[in-house]
Amino acid sequence: MKESNSHLALDSTPVAVIGAGSWGTALAHHLGRHGREVRLWVYEPELLAILCQKRENTFFLPGVKLSSHLSFFGEAAEAVRGAPVVIMAAPSHVFRQVLGLLQSAASPEVVFVSATKGIENETLLTMEGVVREVLGPERPYAILSGPSFAREVVQNQPTVVTVASRQRSVAKLVQRLFSTPTFRVYTTFDVTGVELGGALKNIMALGAGILEGLGLGANPRAALITRGLAEIARLGVRLGANPMTLSGLSGLGDLVLTCTSSQSRNYQVGVQLGAGKRLPDILAEMKMVAEGVKNAAAAYFLAQKLGVEMPIVEQVYRILYENHSPREAVRILMTRALKDEIDALAESW
C-alpha cells in the first residue's frame, strides 16, 4: 500500500470511538483522561441516556466516572463526521454492519483503528479484510491489540500493547495518540499476526476455562497455553504472519492474560462449560460478548479450509457446537499420536 502523510495531522479535532462496551469505553476514557476530546457512539438507547446523565457506563464498566472530555452520540455517522481517527470497538459479528453506517460520513483519509479481536464467520476474514471490502483497499488502517483488561486500563495500571499497520506513518500516529506513562504502545507492520493472535487467544481462553471447570490444575493449563500458542503460530504463518509477532504482546502476552484470569469473559464461559452448563444458558445470562464463542467456529472452518492442524481449536469447537463432552475432549487431546516436540514445534514455525 502506498505510504502517505496527508492524513497524519492530529490537532485538537475529536477522535471517534465506535462501540460503548467495556473496551470501547475504557479506550475512550483513557484518551479523554489525557486531554483528547472523544466522541463515543453508543448502540443502546438506554445506555446512552445513562451516560449523558451520570457519565458512568453502568452496563459494561460500572463504578467508573468517565472523563469530562467524552461526549456521547446515538448516531454513528454524527460521531465520526470530521474525526481524523475512528476507533472501532464493535464486536466482530457486527463489525461489517457498523462500518456500513459510517461509509458516507468518513472521508477517505480518515484512519480506522480496530480494537476488535475476531474473525468474521461468514467470510473468514479478519477485521482488516472487512475494512478493505467495505471502505476500500486504500483506507488507512491499524489494529490495536495486546494483554489489556478494560478495568485495569481505567484504573491506570501499567499496560503494554501493540499497534500494527502496513503503513509505518499510520502505526506511529496511533502510537502517539494512545501512549502515556501508564499505557505503552509498540509498533509493527505485521497486521496479520497481531489480528490472528488477538482473535485466536480467545478460543484458548475458553479451553483454559473448561479445564478449570473440570477441576483440573496448573499442569493442563500450562500445556494448553504452550500448545495453543503453537496452533496460533501454525495458522498465522500459513497466512503470512511473522512467528515472532505471535511470541510477543499480541500473541503470547494476550494468550497468557486471558488463559489465567477470571476477568476474561471467554475464560468465564469456559469455566461454566467445564462445569456442565449449557452454552445457550450461559450466553443468555451475559451482557457482554465473549468473542471466542463465534471465533471458535470461524477458526475451525478456516483451519479446515487451509488444511492446518489445530486440535485444541477443533475440540473447543466441538464442545461449543456439537455438545461434545469436555472430559472426552481432554482425553482425545492427550491420546493423539505421539510426536517429537521439536518436530512438532517446527511444524508451527
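Me: Is Phe-301 buried, partly exposed or exposed?

Reply: This is a predicted model, and the reading rests on relative accessible area, where values under 20% count as buried and values over 50% as exposed. Phe-301 has a relative accessibility of 42%, so it counts as partly exposed.

Me: Which aromatic cluster includes Phe-301?

Reply: Phe-301 forms one aromatic cluster with Tyr-300, Tyr-317 and Tyr-321.

Me: How many aromatic pairs does the structure hold, and how are the rings of Tyr-300 and Tyr-317 arranged?

Reply: A ring pair is read from the distance between centres and the angle between planes, with planes under 30 degrees apart counting as stacked and over 60 as edge-to-face. The structure holds seven aromatic pairs. In the pair of Tyr-300 and Tyr-317, the ring centres are 4.2 Å apart and the planes lie at 10 degrees, so this pair is stacked. Tyr-300 belongs to helix H14 and Tyr-317 to helix H15 (residues 311-321), so the pair ties together parts that are 17 residues apart in sequence. Tyr-300 is buried, at a relative accessible area of 10%, and Tyr-317 is buried as well, at 9%.

Me: What geometry does the pair of Phe-301 and Tyr-317 have?

Reply: Phe-301 and Tyr-317 are edge-to-face, with 5.5 Å from centre to centre and 75 degrees between the planes. This pair also links distant parts of the chain, since Phe-301 lies in helix H14 and Tyr-317 in helix H15, 16 residues apart.

Me: How many of the 11 residues of H15 are buried, and what covers them?

Reply: Nine of the 11 residues are buried, so H15 is largely enclosed by the rest of the structure. The buried residues are Pro-311, Ile-312, Val-313, Gln-315, Val-316, Tyr-317, Arg-318, Ile-319 and Leu-320. Their cover includes H8, helix H9 (218-238), helix H12 (265-274), helix H13 (279-284), H14 and helix H16 (326-334). After H15 comes Asn-323, which has a positive phi, near 55 degrees.

Me: At what angle do H8 and H14 pack?

Reply: Two packed helices are described by the angle between their axes and by the distance between those axes. Helix H8 (residues 191-213) packs against helix H14 (residues 291-306) at an angle of about 110 degrees, and the axes are 8 Å apart. Angles of 65 to 115 degrees count as roughly perpendicular, and H8 is therefore roughly perpendicular to H14.

Me: Which residues meet where H8 contacts H14?

Reply: From H8 come Ala-199, Leu-200, Asn-202, Ile-203 and Leu-206; from H14 come Glu-291, Gly-292, Val-293, Asn-295, Ala-296 and Ala-299. By class, this contact of H8 with H14 has seven nonpolar, three polar and one charged residues.

Me: Is Lys-201 buried or exposed, and which residues does it touch?

Reply: Lys-201 lies in helix H8 and counts as buried, at 5% relative accessibility. Not counting residues up to four places away in sequence, Lys-201 touches Lys-117, Ile-232, Asp-254, Leu-255 and Thr-258.

Me: What is in contact with Phe-59?

Reply: Phe-59 also lies in the loop between H2 and S3, and at 24% relative accessibility it counts as partly exposed. With neighbours within four places in sequence left aside, Phe-59 is in contact with Glu-44, Glu-46, Leu-47, Ile-50 and Lys-287.

Me: How many disulfides are counted?

Reply: A disulfide is a covalent bond between the sulfur atoms of two cysteines. With a cut-off of 2.5 Å between cysteine sulfur atoms, the count comes to zero disulfides. As for accessibility, Cys-52 counts as partly exposed, at 48%, whereas Cys-259 is buried, at 0%.

Conventions: Residues numbered from 1 in each chain as written. Predicted model: local features only at pLDDT ≥ 70, side-chain atom pairs only at ≥ 80, totals over all residues. Heavy atoms only, no water. Axes fitted to C-alpha atoms, helices over the stretch in contact; angles between N-to-C directions. Helix = DSSP H or I, 4+ residues; strand = E, 2+ residues; numbered from the N terminus. Parallel < 35°, antiparallel > 145°, perpendicular 65-115°, else oblique. Contact = heavy atoms within 4.5 Å. Nonpolar A, V, L, I, M, F, W, Y, C, P; charged D, E, K, R; others polar. Buried < 20%, exposed > 50% of the residue type's maximum accessible area, 1.4 Å probe, protein only. Phe/Tyr/Trp six-rings, centres within 6.5 Å; stacked < 30°, edge-to-face > 60°.
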